[in-house]
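I opened this entry to keep track of what I looked up, chain by chain. The notes follow the order of looking.

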Amino acid sequence: MASTIRVRATSSGETTEVQALIQHPMDSGYVKDAKGDLIPPHFIQELTFEYDGKSVFVADWGPAVSKDPYVKFSFRGGKKGDDLKISWVDNKGASDTATAKIQ
Amino acid sequence: MTTPLDGFPATRRLILKGAGAVALFGFGRLSLGPALAAANDKYPEDAFKQKSDADAIKSLYGKTAEASDKVKLDAPEIAENGAVVPISVSSTLADVTSISILVSENPNALAASYKIPAGTLPSVANRLKMAKTTNVIAIVEAGGKLYSASKEVKVTVGGCGG
């Protein structure tokens with residue numbers, strides 16, 4: 001199954017820049033469907049990036065984050081070829097995990 | 001007039017029960033408090049439910065922020081599509097532990113809150129939904145204090161309605 005997570009982690013020696021794009025509807029609960037019924041809220045609540053067994057970035061998200069969310073951050077350290085682990089969990093308890101190699 | 005007499009013990013029992021419940025609840029909170037503070041990585045559900053930006057900041061951090069030019073908020077002047085507004089926040093402050101972004105007049109003001117562990121740079125970019133033209137507020141927590149910056153973004157087509 002294709003992962004919902006696409007990550008690019010690039011090391012510049014001192015720091016590693018991480019860009020992540022996740023496929024998720026991020027329904028806010030305020031939008032109606034074609035029949036006029038409210039689409040119930042469905043959004044990622046927590047997104048965690050781990051490197052070397054430690055979390056380097058944790059995002060707590062509400063429904064105001066755009067559909068198919070994008071996030072960018074950088075952390076000190078991170079070697080080329082090392083693994084970066086990404087995981088998210090949404091308000092319905094669904095989750096996904098991916099591992100990316102730092103380039 | 002027997003009812004007050006009959007009613008009295010029942011009321012008393014109720015009061016006692018109530019007191020018991022309060023005591024239990026009190027203890028529950030006591031034991032929960034430090035655990036929450038220690039873990040600190042629990043999803044801040046209450047903060048995301050607050051309607052106004054001030055309430056959300058209070059619920060999330062328990063204090064108020066002061067405006068600072070060391071908080072840099074990058075957002076467009078005009079967002080044609082309120083469903084996807086690129087917003088980034090960075091800071092030159094030392095010891096940044098978290099960055100939060102709020103949209104004042106969204107149904108719930110708090111949009112995203114990021115934890116910045118030591119070694120992670122105080123800079124984050126993301127894309128948010130905006131219901132209408134309003135202020136975007138960036139909060140940076142550094143050294144236990146809160147600093148903020150805000151900017152008005154004009155929204156042509158809102159990103160919350162259907």
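I call a residue buried if 20 or more other C-beta atoms lie within 10 Å of its own. The model is predicted, and I read it as such.

**Helix H3 of chain B**

I began with H3(B), residues 53–61. Which of its residues are buried? I found B:Asp53, B:Ala56, B:Ile57 and B:Leu60. Looking down the axis of H3(B), I saw these buried residues fall within an arc of 100°, so they line one face of the helix.

I then asked what covers the buried residues of H3(B). The cover includes helix H2 (45–49), strand S5 (96–103), strand S6 (110–115) and S8, which belong to chain B. After H3(B) comes B:Gly62, and I noted its positive phi, near 75°.

**Chain B as a whole**

Chain B has 3 helices and 9 strands. Along the sequence I read α-α-α-β-β-β-β-β-β-β-β-β. Chain B has 162 residues, and 35% of them count as buried. I also checked contact range. Among contacts in chain B with a separation of 6 or more, 66% are between residues 24 or more positions apart.

**The largest nonpolar core**

Which residues touch the most other members of the largest nonpolar core? I listed B:Ile101, B:Ala111, B:Leu128 and B:Ala138, out of 63 residues in that core. Strand S8 of chain B, residues 134–142, gives the most to this core, with 6 residues.

I followed B:Ala111 further. Leaving out residues up to four places away in sequence, I found that B:Ala111 touches A:Gly62, A:Ala64 and A:Val65 in chain A. In chain B, B:Ala111 touches B:Ile101, B:Leu102, B:Val103, B:Asn106 and B:Leu128.

**Where the chains meet**

How many residues does each chain give to the contact? I counted 28 residues from chain A and 29 residues from chain B. On the chain A side, strand S3 (44–51), strand S4 (54–61) and strand S5 (70–76) are the elements that give two or more residues. That side has 14 nonpolar, 8 polar and 6 charged residues.

I looked for strand pairing across the contact. S5(A) and strand S7 of chain B, residues 123–128, run antiparallel and are joined by 2 bridges. A:Val71 stands opposite B:Asn126 in S7(B).

**Strand S6 of chain A**

Next I took S6(A), residues 83–90, where side chains alternate. A:Leu84, A:Ile86, A:Trp88 and A:Asp90 point to one face and are buried.

I checked its partners. S3(A) pairs with S6(A) in the antiparallel sense over 7 bridges, and A:Ile44 has A:Asp90 as its bridge partner. S6(A) is also joined by 7 bridges to strand S7 of chain A, residues 95–101, again antiparallel. Here A:Ile86 has A:Ala98 as its bridge partner. The hairpin of S6(A) and S7(A) has 4 residues between the strands, and in it A:Gly93 takes a positive phi near 90°.

**Positive phi without glycine**

Last, I noted two residues in chain A. A:Met26 is not a glycine, yet has a positive phi of about 50°. I placed A:Met26 in the loop between strand S2 (15–22) and S3 of chain A. A:Met26 is buried, with 23 other C-beta atoms within 10 Å.

A:Asp68, also not a glycine, has a positive phi of about 50°. A:Asp68 sits in the loop between S4 and S5 of chain A. Buried or partly exposed? With 15 C-beta neighbours inside 10 Å, A:Asp68 counts as partly exposed.

Methods
Residues are numbered from 1 along each chain as its sequence is written. Chains are lettered from A and ligands numbered from 1 in the order in which they are written. This is a predicted model: local features need pLDDT of at least 70, side-chain atom pairs count only at pLDDT 80 or more; totals for chains, interfaces and linings use all residues. A residue is buried if 20 or more other C-beta atoms lie within 10 Å of its own, exposed if 12 or fewer, and partly exposed in between; C-beta atoms are placed from the backbone. Two residues are in contact if their C-beta atoms, placed from the backbone, lie within 7 Å. Ala, Val, Leu, Ile, Met, Phe, Trp, Tyr, Cys and Pro count as nonpolar, Asp, Glu, Lys and Arg as charged, and the others, Gly among them, as polar. Two strands pair if DSSP finds at least two bridges between them. A nonpolar core is a set of buried Ala, Val, Leu, Ile, Met, Phe, Trp, Tyr and Cys residues joined through C-beta atoms within 7 Å. The arc is that of the directions from the helix axis to the C-beta atoms.
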